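Q: I would like to learn how to read a few structural features from a model. Could you take me through them one at a time?

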Amino acid sequence: MQYVNSASEVIEKVRKDGRVALTELESKQMLRSLGIRTTEMKLAASRDEAVALGREIGYPCVLKISSPDISHKSDAGGVKVGLAGEEDVARAYDAIISACREKFPSATVEGVTVQNMALPGLEVIIGMATDPQFGPVMMFGLGGVWVEVFKDVSFRVVPLTRYDARTAIREIRAAGLFDGYRGSEPIDTSALEDILLRVSDFVKETPSVSEMDLNPILAYAEGAIAVDARVILHPVGEDR
Ligand code: ADP
Ligand code: MG
């Protein structure tokens, strides 16, 4: 990962570019500076670079389009997971670039990020949005397709207490999944509480952040890791 030291450095860079949307890489740099685990990732600007990074990061790895203009990466054909070797990576690079060029001909494409593939876990979402009445609000729910199908989510107004975080997680209808299902171990919900609290504390102090979407986070018996992230700033001059 190309590191920066702080969330404010990321925000400064995005402002300088005249953007409000952070790329996945920038969003994850911000999360890591808050102490939230993410997959390791690096940007490749060519097929050869992607292959070299795949070798460095190890297999299986994941390739994703990196463009400030493409926010729904899989819809654009911009995500390939489970790549097992150099040939897979080279093929995935070409497939991603051509699919995204075709779908978004005028998008600025920085290249493709190469990241390690997270172990399978329970997919959850943590989000933050700015409500016109309540200000920043945190959302928690099941991730993946389930969020769209069941709309099984809970909300809490920022700033959250530990109790708010715990009850937000427990009150979704599917909360039974966290206790372990089909013989699997229970999910480490305290790791999810920590993420809710870190994001809540961060947005409370950072009025330029308008939206955050950690979707999905993979939750495990021990810990949790954000595999996708997207942060949006308020337009210049419209901070909270
Ligand atoms: P989108 O922009 O379409 O939301 P994502 O980055 O969320 O793209 O990738 C789509 C899906 O691919 C995720 O929901 C997750 O299931 C899987 N995925 C993405 N990145 C990884 C990763 N590093 N490790 C494991 N699975 C991943
Ligand atoms: Mg996603």
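A: Start with how elements are named: helices and strands are DSSP runs, numbered from the N terminus. The model here is a predicted one.

Q: Where is the place of Thr 189?
A: Thr 189 sits in helix α7.

Q: Is Thr 189 buried or exposed?
A: Buried means under 20% relative accessible area. Thr 189 has 19%, so it counts as buried. Not counting residues up to four places away in sequence, Thr 189 touches Ile 169 and Phe 178.

Q: Which residues have the most contacts inside the largest nonpolar core?
A: A nonpolar core is built from buried residues of the nonpolar kinds, joined through side-chain atoms. In this model the largest one has 43 residues, and those with the most contacts inside it are Phe 140, Phe 178, Leu 192, Val 199, Val 209, Met 212 and Ile 217. Helix α7, residues 189-205, gives the most to this core, with eight residues. Another core lies apart from it, with 20 residues, including Val 51, Tyr 93, Ile 97 and Cys 100.

Q: What does Leu 192 touch, not counting residues up to four places away in sequence?
A: The partners of Leu 192 on that count are Val 124, Ile 126, Phe 140, Ile 169, Ile 187, Ile 217, Ala 219 and Ala 224.

Q: Which protein donors does the magnesium ion (ligand 2) have?
A: Water is not among the atoms, so a site may look incomplete. For this ion the protein donors are Asn 215 (O) and Asp 228 (OD), lying 2.2 to 2.3 Å from it. The two are 13 residues apart and link distant parts of the chain: Asn 215 is in strand β8 (residues 209-219), and Asp 228 is in the loop between β9 (224-226) and β10 (230-233). Asn 215 is partly exposed at 22% relative accessible area, whereas Asp 228 counts as buried at 17%.

Q: At what angle do helix α3 and α4 pack?
A: Helix α3 (residues 47-57) and α4 pack at about 140°, with their axes 9 Å apart. Angles over 145 degrees would count as roughly antiparallel, so α3 is oblique to α4. Their crossing is right-handed. On the α3 side the contact is made by Arg 47, Ala 50, Val 51 and Arg 55; on the α4 side, by Glu 86, Val 89, Ala 90, Tyr 93 and Asp 94.

Q: Where is the place of Phe 104, and what does it touch?
A: Phe 104 lies in the loop between α4 (86-103) and β4 (111-116). Phe 104 is partly exposed, with a relative accessible area of 33%. Not counting residues up to four places away in sequence, Phe 104 touches Ile 70 and Ala 76.

Methods
Residues are numbered from 1 along each chain as its sequence is written. Chains are lettered from A and ligands numbered from 1 in the order in which they are written. This is a predicted model: local features need pLDDT of at least 70, side-chain atom pairs count only at pLDDT 80 or more; totals for chains, interfaces and linings use all residues. Side-chain values use heavy atoms; hydrogens and water are left out. A nonpolar core is a set of buried Ala, Val, Leu, Ile, Met, Phe, Trp, Tyr and Cys residues joined through side-chain atoms within 4.5 Å. Buried means under 20% relative accessible area, exposed over 50%, partly exposed in between (1.4 Å probe, protein chains only). Helices (H or I, at least four residues) and strands (E, at least two) are DSSP runs, numbered from the N terminus. Contact means heavy atoms within 4.5 Å. Donors are N, O and S atoms within 2.8 Å of the metal (3.2 Å for Na, K and Ca); water is not among the atoms, so sites may look incomplete. Axes are lines fitted to C-alpha atoms, for helices over the stretch in contact, and angles run from 0 to 180 degrees between N-to-C directions. Angles under 35 degrees count as roughly parallel, over 145 as roughly antiparallel, 65 to 115 as roughly perpendicular and the rest as oblique. A crossing is left-handed if the near helix is turned anticlockwise from the far one by less than a right angle, and right-handed if clockwise.
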